[in-house]
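I opened the notebook on a new model today. The plan is to go from the whole chain to single residues.

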Amino acid sequence: MAQNRVLLVDDDNDILEINRAFLESEGYEIVTATTIAETMERIQTYSFDCIVLDVMLPDGSAFDLPPRIQAYSDSPIIFLTAKEQVEDKIAGFQAGADDYITKPYSLPELSLRIGAHIKRSLKSEGFLIEYAPLKINIKTREVTLKDSAVHLTNREFDILRLLAETPNVIVPFAKIYSHVWGDESACDNHLVMVNISYLRKKMEKIAPEITFIKTEWGIGYSFAYPPVKNSVHGDF
């Protein structure tokens, strides 16, 4: 599955490697830089979900970087620095930071803050659909239910996304078929039903007590929210 990519910038290689190792263990893809020049080269080469900047770098202050970064990326920016005076924090936020963490800090806190900013960014950009305990990441095509990954095929994902985008609204067989299979000809209801069955079974393995996919008999399906309690029912 796709990972959230984070850029770590620090001129202290020991700190950089400690942060890298921990965040990779948390599931992030990490790219590093040690100077402003390297940072801008990385920004123009990769797309990032979050950028963590040490303020004092060998070739200048990272306080000057946010406007340059924002010409290429809308990623949230976190300053990570020993500068802890209120004036420094104000300057950081005025420069364009989304967050400001002072040293020393805990690695779990760093990971949590990165995760919170990525989640907020995805929501604001419309990439995250969330109906607790279900999360659908449109950007990475990842689905989690009760914090466990649901491994879906492309068509199963497209069906779930289509239904979830209009909760509690009936989506006819024909609309599901034309949207997911890209076929405007006669709808194959059975093909839709089989894929819905596979989708349900994968979700029910994780949360057997609830279902989000509601059958609208003879018409199609809807995304139920709040989810309905599961009862004995057929596959379709």
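**Entry 1: charges.** I set the counting rule before anything else: Lys and Arg count as positive, Asp and Glu as negative, and His and the chain ends are not counted. This is a predicted model. On that rule I get 24 positive and 35 negative side chains in the protein chain. I then looked up how far apart the centres of the two sets lie, and the value is 8 Å.

**Entry 2: overall form.** I went through the secondary structure and found eight helices and 14 strands in the protein chain. Next I took the radius of gyration, which is 22 Å. The globule rule gives 18 Å for 236 residues, so the chain is more spread out than a compact globule. I also ran the C-alpha trace along its principal axes, where the spans are about 65 × 35 × 30 Å.

Entry 3: What share of the 236 residues counts as buried? I get 44%.

Just after H4 I noted glycine 96, with a positive phi of about 125 degrees.

**Entry 4: cis peptide bonds.** I checked omega at two prolines. Alanine 132 and proline 133 are joined by a cis peptide bond, with omega about 5 degrees. Proline 133 sits in the loop between strand E8 (128-131) and strand E9 (134-137). Tyrosine 225 and proline 226 are also joined by a cis peptide bond, with omega about 0 degrees. Proline 226 lies in strand E14, residues 220-229.

Entry 5: Arginine 141 has phi near 60 degrees, a positive value in a residue other than glycine. I placed arginine 141 in the loop between E9 and strand E10 (142-145). Is arginine 141 buried or partly exposed? Its relative accessible area is 36%, and I log it as partly exposed. Asparagine 168 likewise shows phi near 60 degrees. I found asparagine 168 in the loop between helix H6 (154-164) and strand E12 (171-172).

**Entry 6: glutamate 156.** My last stop was in helix H6, where glutamate 156 is placed. Is this residue buried or exposed? The cut-off for buried is under 20% relative accessible area. Glutamate 156 has 3% relative accessibility, so it counts as buried. Which residues does glutamate 156 touch, leaving out those up to four places away in sequence? I listed His151, Asn195, Tyr198, Leu199 and Lys202.

Definitions and conventions
Residues are numbered from 1 along each chain as its sequence is written. This is a predicted model: local features need pLDDT of at least 70, side-chain atom pairs count only at pLDDT 80 or more; totals for chains, interfaces and linings use all residues. Side-chain values use heavy atoms; hydrogens and water are left out. Helices (H or I, at least four residues) and strands (E, at least two) are DSSP runs, numbered from the N terminus. The radius of gyration is taken over C-alpha atoms; the globule rule is 2.2 Å times the number of residues to the power 0.38. Buried means under 20% relative accessible area, exposed over 50%, partly exposed in between (1.4 Å probe, protein chains only). The place of a charge is taken as NZ of Lys, CZ of Arg, CG of Asp or CD of Glu. Contact means heavy atoms within 4.5 Å.
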